[in-house]
Amino acid sequence: MKLTLKAALALGATAIAGAASAECGIEAGSVRILSNDFEALRYINDTAMECASDAVTVEANATSEHKNIQGPALSIDPAEYTVAVIANNSIVPLLNDDLIRPLDDLIAEYGDQLLPNQVISTGGEAMAIAFMGNGQHLFYRSDILEEAGVEVPTTYEEMLSAAEAIQEAGLMEHPLAASVKPGWDLAAEFVNLYLGTGGEFFEPGSAALAIDNEDGRLVLETMRAMTEYMDPDYLTFDANVINQLWDAGQVAMMNQWGSLAGAAIGDAADPDVAANTAFATTPSIGGNAIPAAALWWDGFSIAKNISDEDAAASFQAMMHGISPEAVAENPTVATWLVDGYQPGEAAVGVIANANAGARAYPMTPYMGLLHTALSTELADFIAGREDADQALADVKAAYDDAASAAGFLQ
Amino acid sequence: MPHKTFALFIMPAVVAMLLFIALPIVSVVVQSLFVEHEQVMVEVENCGPFGCSTQLRVDTEATAEIRDERPLGRFAGITNYINRNHLAFDQVREIWSTSDGLGEIWSRMMNLPFYKALAFTLVYCFLVTPFAMMLGFAIALGVNTLPRLAKGPAIFVSILPMIITPLIGSLILFWMFNPQGILGASLQVITGDPTLSLRASPVLTWIVLIIYGIWTNGPFSFVVFYAGLQTVPGDTLESAMIDGASRWERVRYVIIPHLAPLATFVALVQLMDNFRVFEPIVGFSAEANATSLSWLVYNDLIGQDSQQFGSAAATSVMTILGVVILLIPVLIRTWRDFNRKAV
């Protein structure tokens with residue numbers, strides 16, 4: 001925590017740092033960035049590459065396979081990449097295997113521009129710098145809701161009755177959509193709703209699973225109830241597919257990624273649909289006050305197995321990549337966490353969720369194993385072939401085996 | 001050939017096989033007997049843009065120390081093979097003793113990931129292999145009777161399904177089967193059922209995957225059988241015709257016996273291929289209704305954030321064993337044929 005405070009104290013210097021020129025102040029070194037592949041990250045990579053000079057090389061590899069590459073690439077010495085762009089979940093394997101370095105010294109020396117809440121720390125050591133927030137939130141069609149005479153839903157119960165009203169009014173056959181394709185998406189949907197119940201996934205202080213309870217059953221029953229109002233093909237719906245359905249005007253309400261909000265109202269979208277597309281907080285579940293959606297951050301870490309010179313060069317290049325000026329030039333591609341950012345139209349959902357107290361996707365070391373277990377074992381449930389009790393028992397059995405093999409459970 | 005020359009002649013092949021086939025298999029078998037070390041955990045406070053919370057974290061130094069001592073992990077024996085995610089002995093025993101009726105046993109077994117995957121893998125294997133061979137043989141017979149000029153284009157069109165990468169091929173069909181796609185919409189009109197979706201029910205999904213399998217595997221049989229047809233002795237065919245054999249009788253009594261050894265070879269290759277069915281499941285987004293052994297390996301390795309190497313290795317070893325079991329009848333047959341010729 002102490003360095004988060006230090007960064008906070010350094011805030012006063014933000015204005016001065018902000019006035020620095022496009023030169024990144026790097027003397028020498030090699031910067032090699034590994035990141036996921038979407039618009040906001042490509043923009044940051046491109047901006048960081050401006051730091052290249054005779055003595056400094058800056059390379060970037062933006063690939064959706066980054067999660068599979070990062071472990072092996074950072075394990076070797078010297079590491080293949082000096083910067084790993086990560087999120088809540090993908091930082092965990094790097095932390096577990098001790099592949100990234102504490103950033104406290106670098107923040108003190110070069111991180112004047114950072115806001116205190118951009119620093120991701122664990123056990124008092126800063127391990128990553130966040131630059132954008134993300135998360136699933138409500139997309140709704142204002143015209144359809146108005147025609148059906150229903151308010152924007154604030155709870156899942158209201159969302160279901162609104163869907164009923166839209167169906168009854170004959171406005172849409174399948175007013176709801178959700179990314180429930182078995183796999184990562186389906187598990188993420190469960191995690192979202194379960195976070196909304198306020199419950200914990202694990203027994204405190206251990207890796208023992210704790211979702212076999214009333215909250216777990218409520219979440220599953222809500223997920224099942226939603227599918228009644230979805231296209232029968234819902235088992236093949238991932239986030240990209242439901243965005244296409246949205247653009248085709250076939251869906252009135254869905255929880256969708258904030259990073260896809262820009263596309264839903266952008267120039268390439270169907271103008272009629274885009275004009276009536278609005279964003280709001282994710283509905284809450286089971287009478288709880290918080291939105292039933294996980295909050296995500298995207299950020300970067302610096303590899304451990306590289307020279308201090310390269311680490312400093314990498315940190316400085318990334319500071320240039322996520323500088324307030326760079327963000328100010330391109331405010332619409334992401335919900336930036338950077339100082340001075342003015343949220344645009346597409347960012348309202350994520351910010352509303354954060355303000356309403358939504359919880360972050362857990363950084364627990366064994367969360368990934370639970371996510372994997374959920375992704376396969378909930379398939380039968382969401383397809384309507386087994387009941388909630390059986391589904392929860394299956395998840396627990398699959399998780400217990402995986403967590404024992406990984407050494408988290410004895 | 002002197003022994004020494006022979007040994008030198010095949011040495012490169014033997015070395016390559018040892019390096020690239022035998023050693024990896026040994027390493028997979030070894031890996032499947034181990035699980036990861038117990039993780040040393042410490043409680044820490046994690047802070048980020050959305051607040052702080054107390055969570056456990058891996059004590060990397062302590063864990064690294066244990067790992068350095070025994071890099072392979074903890075020896076687990078056959079745990080990886082018999083736990084619930086694989087052969088699930090305990091669960092199967094319980095299902096056996098507490099279910100009444102085969103129906104219940106079946107539905108409860110299908111709830112265990114390994115058996116669910118095995119069921120689809122076997123059904124796919126045993127339906128696709130014969131039907132794809134029949135399709136390939138039929139096309140070969142057809143193409144063989146075409147006039148010379150038409151043969152080239154016909155062959156090209158016939159092997160198209162094999163040229164298309166399986167993943168791309170299945171994705172294309174997946175979109176065509178979409179209710180808004182050309183095949184999906186046509187089926188809805190033909191059956192008069194506007195809610196018909198080939199992707200919603202397990203049975204329909206299996207049918208689509210199997211039809212796709214036949215479509216994509218047919219060309220291989222076609223190529224081999226077409227080549228085989230060129231070697232059918234013209235004299236035998238002519239004498240059969242003089243004896244008054246119909247076209248069907250010629251196929252049944254001359255061509256099929258002549259191509260039988262080839263069919264064994266095709267069956268061998270196709271059984272192996274189909275047993276590791278994988279791409280169509282991903283391409284058709286069919287994970288909810290159909291999984292295969294290879295898909296289980298993929299799912300363990302792609303992990304969400306952590307790979308389960310021991311589990312994946314155990315499934316791989318069982319896939320190899322499965323292929324061996326499948327091939328035993330065919331291998332025995334080949335061995336007998338070989339011995340007969342040698343006499």
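**Domains of chain B, fold of chain A**

User: What distance separates the centres of domain 1 of chain B and domain 2 of chain B?

Analyst: This is a predicted model: local features need pLDDT of at least 70, side-chain atom pairs count only at pLDDT 80 or more, and totals for chains, interfaces and linings use all residues. Residues are numbered from 1 along each chain as its sequence is written, while chains are lettered from A and ligands numbered from 1 in written order. Domain 1 of chain B covers 82-111 and domain 2 covers 112-342 (bounds from an automatic or database assignment). Taken over C-alpha atoms, their centres are separated by 30 Å.

User: How many residues of domain 1 of chain B are in contact with domain 2 of chain B?

Analyst: Contact means C-beta atoms, placed from the backbone, within 7 Å. On the domain 2 side, 9 residues take part. On the domain 1 side, the number is 9.

User: What radius of gyration does chain A have?

Analyst: The C-alpha atoms of chain A fill a box of roughly 65 × 55 × 35 Å along the principal axes. The globule rule is 2.2 Å times the number of residues to the power 0.38, over C-alpha atoms. For 410 residues a compact globule would be near 22 Å, and chain A agrees, at 22 Å.

Terms used: Two residues are in contact if their C-beta atoms, placed from the backbone, lie within 7 Å.
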